[in-house]
Amino acid sequence: LPERLDGALRIAAAAFTHRRKKLANALVDVAPEGGAAAVLTAAGIDPNRRAEELDLAEWLALAAAFGV
């Protein structure tokens, strides 16, 4: 869990860097080749949501989907 939490915090920092953006757009710079929308979908998160809408469990799922 501590490793996954560190990854979730890094992704959250990237997502919150761009205010008022949907996650798919906010994470474009850190997403793998398939794109942020694909990673978000794999984590079970709607790419149209915003960073402030996610709870801790969703951030951890997103970190897992990013492989961090």
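A residue counts as buried under 20% relative accessible area, as exposed over 50%, and as partly exposed in between. Phenylalanine 16, at 44% relative accessibility, is therefore partly exposed. The model is predicted, and the mean pLDDT of the protein chain is 88.

**Confidence**

- In the protein chain, 97% of the residues reach a pLDDT of 70 or more.
- Helix 1 has the lowest confidence, with a mean of 85, whereas helix 3 (residues 36–42) has the highest, at 93.

**The aromatic pair**

- The structure contains one aromatic pair. Its members are phenylalanine 16 and tryptophan 59, in a tilted arrangement with 6.1 Å from centre to centre and 35 degrees between the planes.
- Phenylalanine 16 belongs to helix 1 and tryptophan 59 to helix 4, so the pair ties together parts that lie 43 residues apart in sequence.
- Phenylalanine 16 counts as partly exposed because its relative accessibility is 44%, while tryptophan 59 counts as buried because its value is 9%.

- Arginine 49 forms a salt bridge with glutamate 58, in which the closest N and O atoms are 2.6 Å apart. A polar contact of 2.6 Å also joins the side chains of these residues, glutamate 58 and arginine 49.
- Arginine 49 forms a further salt bridge with glutamate 53, where the closest N and O atoms are 3.7 Å apart.
- Is glutamate 58 buried or exposed? With a relative accessibility of 19%, glutamate 58 counts as buried, because the cut-off for that class is under 20%.
- Glutamate 53, by its relative accessibility of 41%, counts as partly exposed. Shared partners join the salt bridges of Arg49, Glu53 and Glu58 into one network.

- Aspartate 6 and arginine 10 meet through their side chains in a salt bridge, at 3.6 Å from N to O.
- Both aspartate 6 and arginine 10 lie in helix 1 (residues 2–17), where four residues, about one turn of the helix, separate them.
- Aspartate 6 counts as partly exposed, because its relative accessibility is 41%.
- Aspartate 6 and proline 47 are 41 residues apart along the chain, and their C-alpha atoms are separated by 22 Å.

**The nonpolar surface patch**

- Which residues form a nonpolar patch on the surface? Leu5, Leu9 and Leu56 do so, and together they have about 290 Å² of accessible area.
- Leucine 56, a member of this patch, lies in helix 4 (residues 56–66).
- Leucine 56 counts as exposed because its relative accessibility is 54%, and the cut-off for that class is over 50%.

**Helix 4 in summary**

Key
Residues are numbered from 1 along each chain as its sequence is written. This is a predicted model: local features need pLDDT of at least 70, side-chain atom pairs count only at pLDDT 80 or more; totals for chains, interfaces and linings use all residues. Side-chain values use heavy atoms; hydrogens and water are left out. Patches are made of residues with over 30% relative accessible area and no salt bridge: like charges are joined within 9 Å, nonpolar side chains (Val, Leu, Ile, Met, Phe, Trp, Tyr) within 5 Å. Accessible areas come from the Shrake-Rupley method with a 1.4 Å probe; for residues, only the protein chains shown count as cover. A salt bridge is a side-chain nitrogen of Lys or Arg within 4 Å of a carboxyl oxygen of Asp or Glu. Helices (H or I, at least four residues) and strands (E, at least two) are DSSP runs, numbered from the N terminus. Buried means under 20% relative accessible area, exposed over 50%, partly exposed in between (1.4 Å probe, protein chains only). pLDDT is the predictor's confidence in each residue, from 0 to 100. Rings of Phe, Tyr and Trp (its six-membered ring) pair if their centres lie within 6.5 Å; planes under 30 degrees apart count as stacked, over 60 as edge-to-face and the rest as tilted. A polar contact is a pair of N or O atoms within 3.5 Å; within protein, one must be able to donate a hydrogen and the other to accept it, and residues adjacent in sequence count only if both atoms are side-chain atoms.
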